[in-house]
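Work through the exercises below with the sequence and the 3D view open. Try each task before reading its solution.

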Amino acid sequence: MFEFKFRMPTSIIVGRNALVKNSKRLRGLGHKCLIVTGLESSKLNGSLEDSITALENENIKYIIFDEVQERPTLEIIEKAYQENKGNGIDFILAVGGGSAIDAAKAISILFRNQIQAKEILSLKNLEGIPIVAVPTTAGPGSETTPYSVVYLQEEGISRSTGQRIFPGIAFLDARYTLNKPYDITTCTAVDGFSHLAEGYLSTKSNLLTDTLAEKGLRLFGECIEPLRKKDCSIEVREKLLMASSIGGMVISQTGTSLPHGMGYVLTAEKHVPHGVANGLLFPGYLKNFRKTDKLERLLHLIKVASIEELSLILKEILHFRNVSLTDAEIKKYVDDMLSSEKKLKNHPERVSREDLTNIYKTLLRKEES
Ligand SMILES: [Fe+2]
């Protein structure tokens, strides 16, 4: 018997030059747009220029806010709103990686509700003004998720706003990812893979998320050999971008699981990039499965023979580096993870303190020497 809910309200428009070719899709969203982006990359990869062309084609006025950085803070989200709240903004065009799109979701809430940025963490079920997403990295998949992660400077941690805001439209054009350096390409690609895999193995997976995840995992699998050979052609990038958006669709239903839950602290405290943190933790997480039928299917889909082989591939493409952790740090991280009921609930088996400690130890600490 099937019993599940599936909601995916984002329209996806895929293809080279998709944004300019389909600019009429922006009609009806309003007369004035706030473009939310980072300082540099959207200017270099052509996505900002295409966004402006698409808006001008439709006679839509726009203002550019280009101050979003990696790990967007509440302060920058507040700034985008305060500087533009009197400007009649109807919708947001989010152009950039996961940070720009995540920030845009939070900013859209401020415009709709006229509240302060910190209030999005405490108020429930807030809505936002419409968002159009133009991702320029393949992996985060924020264009197809309702999640928005913000960085709290005072606490030194990243956390989800707890709100659910899906972009209305996502334009997927892999040309905007072409100038990403190899290390960023593999780091974000592994993030996308971990979304697909954590969703696939989640207790919340269902017929539709499995159907999507299986296709996304196959696409990622087709990119492994090219990535090992440092082939980052447009064809490879198109597969990675598609896999990324599919990963977003999957985790928007299933949420993430142990690698994400355990990896955030490595990013916050040890400055390990998000995708690398997931990649380092992944083999230990997979080894922890006692029931292995779905895990074996996952390895088959990405055409990898064993967890050990996957571990070697991830280390190779991520340029594995050791992360030094003390016993006290591991204990604190395990305590934090054990208190995250949400992430533990998504893992289909019981995990003990020892299991989690071993995942940190075997992958991070032991290989230090
Ligand atoms: Fe992620």
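Donors are N, O and S atoms within 2.8 Å of the metal. The model is predicted.

**Exercise 1. Identify the residues that coordinate the iron ion, and describe their spacing in sequence.**

Step 1. Search around the iron ion for donor atoms. Asp 191 contributes OD, while His 195, His 260 and His 274 each contribute NE2. The distances run from 2.1 to 2.2 Å.

Step 2. Read the donors along the chain. Their spacing is D-x3-H-x64-H-x13-H.

Step 3. Asp 191 and His 195 both sit in helix H6 (residues 182–200). They are 4 residues apart, so about one helical turn separates them. An α-helix has 3.6 residues a turn, so residues three or four places apart point the same way.

**Exercise 2. Classify the arrangement of the 4 donor atoms around the iron ion.**

Step 1. Take the angles. They range from 84 to 169 degrees.

Step 2. Conclude. With angles of 84 to 169 degrees, the arrangement is irregular.

**Exercise 3. Are Asp 191 and His 195 buried or exposed?**

Step 1. Recall the cut-off: buried means under 20% relative accessible area.

Step 2. Apply it. Asp 191 has 5% and is buried. His 195 has 4% and is buried too.

Step 3. Contrast them with Met 1, in the segment before strand S1 (11–14). Met 1 has a relative accessible area of 92%, so this residue is exposed.

**Exercise 4. Where does the largest nonpolar core lie?**

Step 1. Find its members. The largest nonpolar core has 64 residues. Among those with the most contacts inside it are Phe 193, Leu 217 and Tyr 360.

Step 2. Find the main contributor. H6 supplies the largest share of this core, 8 residues.

Step 3. Assign the domains. Domain 1 (11–177) and domain 2 (182–361) both give residues to this core, so it lies between them.

Notes. Residues numbered from 1 in each chain as written. Predicted model: local features only at pLDDT ≥ 70, side-chain atom pairs only at ≥ 80, totals over all residues. Heavy atoms only, no water. Donors = N, O, S within 2.8 Å, 3.2 Å for Na, K, Ca; no water. Tetrahedral: all angles 85-135°; square planar, octahedral: opposite > 155°, others 65-115°. Helix = DSSP H or I, 4+ residues; strand = E, 2+ residues; numbered from the N terminus. Buried < 20%, exposed > 50% of the residue type's maximum accessible area, 1.4 Å probe, protein only. Core = buried A, V, L, I, M, F, W, Y, C linked by side-chain atoms within 4.5 Å. Domains from an automatic or database assignment.
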